[in-house]
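Trainee: I am new to this structure and would like to learn how to read it. Could you walk me through a few features?

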Amino acid sequence: MSVDAEDVRRAAKLARIAVKTEELEPLAAELNGILTWIEQLNEVDVEGVEPLTTPNVADARQRPDVVTDGNIQEKILMNAPETREGFFVVPKVVE
Amino acid sequence: MSAALREPEPKYISGAEGEWEVVIGMEVHAQVASEAKLFSGASTSFGAEPNANVSLVDAAMPGMLPVVNAFCVEQAVRTGLGIAARINLRSGFDRKNYFYPDLPQGYQISQFKTPVVGEGEVLVELEPGVARKVGVERIHLEQDAGKSIHDLDPESSFVDLNRSGVALMEIVSKPDMRSAEEAGAYLRKLRTILRYLGTSDGDMEKGNLRADVNVSVRRPGGPLGTRCEIKNVNSIRFVMQAVETEARRQIAILEDGGEIDQETRLFDPRKLETRAMRSKEEAQDYRYFPDPDLPPLVLTEAFVEGIRAGLPELPDAKTARLVAQYGVTDYDASVLAAERASADFFEEAAQGRDGKSVANWIINELFGRLNKEGLDLAASPISTAQIGGVVDLVAKGDISGKIAKDLFEILWTEGGDPAALVEARGMRQVTDEGAIEAAVDAVIAANPEKVEQAKAKPSLAGWFVGQAMKAMGGKANPQALNELVKRKLGVE
């Protein structure tokens, strides 16, 4: 698997990361290096092995349905650039 | 419900150039009736101050870890069992990545690869004996997003994260519906099942039940057409209107030689139109991957069987039992079983009485009146004992059907014991032949010319019945009065 400049542009856009046009090619080369390195994993035979999404399987805790948190509006809004009447205020977004 | 159920007849829409069939699938989001959120301990209560029901997990502060709410898992399984679905003992949570100001994580935690509930089925009765089986593809658990408000300021949007992280069950149907009526009836049935199970309150006004409706059209028997998804429809009536509106839009395009673009649309109930919602420039790419913060959701057979053992009687079973046990019609049974509370009300009132009469009084008089006044059954001023009392008085012949309605009115406005009211207000019907005869004789004596006419035209007997009834203040036993009038006039 390899990526080209167009794939990088698209990935950057989806991740909302600004990437200059002249950076696309070098980034593609770097990413291809990483991909080639990771592709070595394909050599391992994983036939019949369940995919592991977390090493923490033992800690499959569940919480009881009890309200234990919240009512910290001030803390929640503390880092927001702009707030009004308890709301976050962001540049207008309308679909 | 009767054993033999038919599929509905095909219902086509006539275009300018022949007939079209509409094909509908639905994704219903039902808010789980939990106290706390899916992955945090913040409250789910409605109407709180903005950003009050938010924990640091819901606000996606760095380092916060989600821990799943056991009750929410249980409700998803319960809902699955309520539609006879397969339960996946091993499922997982995935991240659905997109950016929007009311989604602080930058992704929604959902179940993409393996949902907790697999295939099931909802039987949607359209009329007595006619039902559509609608397949359910899956039910998965996911987080709700926050709420953006766009109309408080011309330059800014306001964001409230109170809903952020609230547990939703997304119930995905197969494209098995074929008309707006079926779509509406499916959503209604689903809501009934959720309420029976108690897994969601199904309150559409609060946004606790919303539907994304997939609509396409095709020539009868032809291949499936391209579908459009109508997002976030929040009432049963709007679902039906949206289907109708969108189907007509697509038919007009196709008959003009155009093509349908697969896209997401919004329904505007005021203008009765749908319009494209998202730019199609870049197709949605959610880059799903397993959430590394959450271990797989592993359930035991015993856990699932425990829930199954505690399931209540479900709407279809209840409808069938009401028919079998009380002799009510299929239609009445399904009206009564539409809400657990109305079925319970009926069963309490029907103890030791004729089920059909009790069903009649509840559906026609009580529900009719509650509806007119915009009241819930819970707010009914009339109790099961009072309804039962009215039915008993009619059954014993103490009051006529017409007087019973007057009695119902008194019970509604003033309350009281039906039998005592009948005594106290002299409403008991007169069955004493002598008294009725006297009244009939008086009418006959006063109207000799009508008596002559009635001999030629027996239907005039009704006029005499009316006059005599009026003279007796409506309290004559109607049957006895009828027979007496006919005998006296010598008509049949």
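Trainee: Let's start with accessibility: is B:K405 buried, partly exposed or exposed?

Mentor: This is a predicted model, and in it B:K405 counts as partly exposed, because its relative accessibility of 45% falls between the 20% and 50% limits. B:E365, at 22%, is partly exposed too.

Trainee: What about B:R178 and B:E21, are they buried or exposed?

Mentor: Buried: B:R178 has a relative accessible area of 17%, and B:E21 has 9%. Their side chains form a salt bridge of 3.8 Å, N to O. B:R178 sits in the loop between β10 (167-173) and α2 (180-197) of chain B and B:E21 in strand β2 (residues 18-31) of chain B, so the pair ties together parts 157 residues apart in sequence.

Trainee: Which residue forms a salt bridge with B:E182?

Mentor: B:R132 does, with the closest N and O atoms 2.8 Å apart. B:E182 belongs to helix α2 of chain B and B:R132 to strand β7 (residues 130-143) of chain B, 50 residues apart. B:E182 is buried at 5%, and B:R132 is buried at 10%.

Trainee: And how do I read empty space?

Mentor: Rolling a probe the size of a water molecule over the atoms shows where empty space is left. Here the count comes to 1 cavity of 30 Å³ or more, and the largest cavity holds about 60 Å³. Its lining includes B:V57, B:D102 and B:G165; by class there are 4 nonpolar, 5 polar and 3 charged residues.

Trainee: Finally, in what order do the strands of the open sheet run?

Mentor: The order of the 4 strands is β1(A)-β2(A)-β9(B)-β8(B), with antiparallel pairing. β1 (83-84) of chain A and β8 (147-149) of chain B stand at the edges with a single partner each, so one side of each has no neighbour in the sheet. Between β8(B) and β9(B) there are 3 bridges, and B:I149 stands opposite B:F158.

Notes. Residues numbered from 1 in each chain as written. Chains lettered and ligands numbered in written order. Predicted model: local features only at pLDDT ≥ 70, side-chain atom pairs only at ≥ 80, totals over all residues. Heavy atoms only, no water. Pairing = 2+ DSSP bridges. Helix = DSSP H or I, 4+ residues; strand = E, 2+ residues; numbered from the N terminus. 1 Å grid on protein atoms, 1.4 Å probe; cavity = no way out; pocket = protein on both sides within 12 Å on 5 of 7 lines; lining within 4 Å. Points joined across faces, edges and corners; volume = space filled by probe spheres on them. Nonpolar A, V, L, I, M, F, W, Y, C, P; charged D, E, K, R; others polar. Salt bridge = Lys/Arg side-chain N within 4 Å of Asp/Glu carboxyl O. Buried < 20%, exposed > 50% of the residue type's maximum accessible area, 1.4 Å probe, protein only.
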